[in-house]
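I open this notebook to record what I looked up in the structure shown below. The entries follow in the order in which I made them.

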Amino acid sequence: MQPLTLPNGWRSQTRRLLVDSVIFQLFWLASMWAPAASWQLPALLIWAWLSPLGRHQWLSVLLLASLGIVVDGLWLSSGWLVLFEPGPLLAGVPLWLALLWLACCRYLLILVSSVHWPLWALSLLGALGGPASYAAATSFGHASIHWSQLAVSLPFILWWALLPLLIHRLGETP
C-alpha cells in the first residue's frame, strides 16, 4: 500500500492562504469599524510587502477591483445601496470602499488560486459571501440596502456569483 503523498509546497501554500485570510478578515473588519483611506492604503501596502503578488496577478486585481468599483457605483447611483460614510470619491464610490474592493479582489485571487474548488462551489461562495458582506456593512451602520427591490437584488447576487468565476479565469491565464 502506497503512503499518501501531498504536492510539494502544500505547507507553504496553506500557510500563505491562512495568513492572507487572517489579514483580509482583519482588514475588512477594521474597514467596517473605521472606514478611512488614511489607514487602509498603508495597510494594503504592508500586506503587499508581506505577501507579494506577481505582475499579472496585480493587473488582474486592478481590473477586477475597477469593475467592482464601477458596479458599486451603479448600485449607489440607482439608490439601491446608500452609504452613510462617503468620504472622498473615486469614480463615484467612496475611496475607502474602493480600497476595500482592492483588498477583496486581492484576497479572492489568492483564495481562488489556492483552493482548487469546482466552479459551481466558487460561484456559490461568491453568491453567499458577497451579499453577506454587504449585509454585515448595514449592521455596522455604514450602509442601507433595499433588498426588497428584486430587480436590483437579483443582479447583485448574480454579480457576486460570477466574480469568483472571473477571478478563476483571469488567474489561470499567464
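**Entry 1: a surface patch**

I found a nonpolar surface patch of about 370 Å², made by Trp147, Leu150, Leu154 and Ile157. Patches consist of residues with over 30% relative accessible area and no salt bridge; nonpolar side chains (Val, Leu, Ile, Met, Phe, Trp, Tyr) are joined within 5 Å, and like charges within 9 Å. The areas come from the Shrake-Rupley method with a 1.4 Å probe, and for residues only the protein chains shown count as cover.

The model is predicted: local features need pLDDT of at least 70, side-chain atom pairs count only at pLDDT 80 or more, and totals for chains, interfaces and linings use all residues. Residues are numbered from 1 along each chain as its sequence is written, and side-chain values use heavy atoms, with hydrogens and water left out.

I placed Ile157 in helix H6 (residues 150–172); helices (H or I, at least four residues) and strands (E, at least two) are DSSP runs numbered from the N terminus. Ile157 is partly exposed, at a relative accessible area of 33%; buried means under 20%, exposed over 50%, and partly exposed in between (1.4 Å probe, protein chains only).

**Entry 2: the salt bridge**

How many salt bridges does the count give? I noted one salt bridge, defined as a side-chain nitrogen of Lys or Arg within 4 Å of a carboxyl oxygen of Asp or Glu. Asp20 forms a salt bridge with Arg16, and their closest N and O atoms are 3.2 Å apart. Because the two residues lie four apart in helix H1 (residues 10–33), about one helical turn separates Asp20 from Arg16. Is Asp20 buried or exposed? Asp20 counts as buried, at 0% relative accessibility, whereas Arg16 is partly exposed, with a relative accessible area of 31%.

**Entry 3: positive phi values**

I looked up Ala91 in the loop between strand E2 (89–90) and strand E3 (93–94). Its phi is near 55°, a positive value in a residue other than glycine. Ala91 counts as exposed because its relative accessibility is 62%.

I then turned to His116, in the loop between H4 and H5. The phi of His116 is near 55°, again positive in a residue other than glycine. At 64% relative accessibility, His116 counts as exposed.

**Entry 4: Ser139**

I located Ser139 in helix H5 (residues 119–139). Ser139 counts as exposed, at 60% relative accessibility. From C-alpha to C-alpha, Ser139 and Pro94 are 19 Å apart in space, and they are 45 residues apart in sequence.
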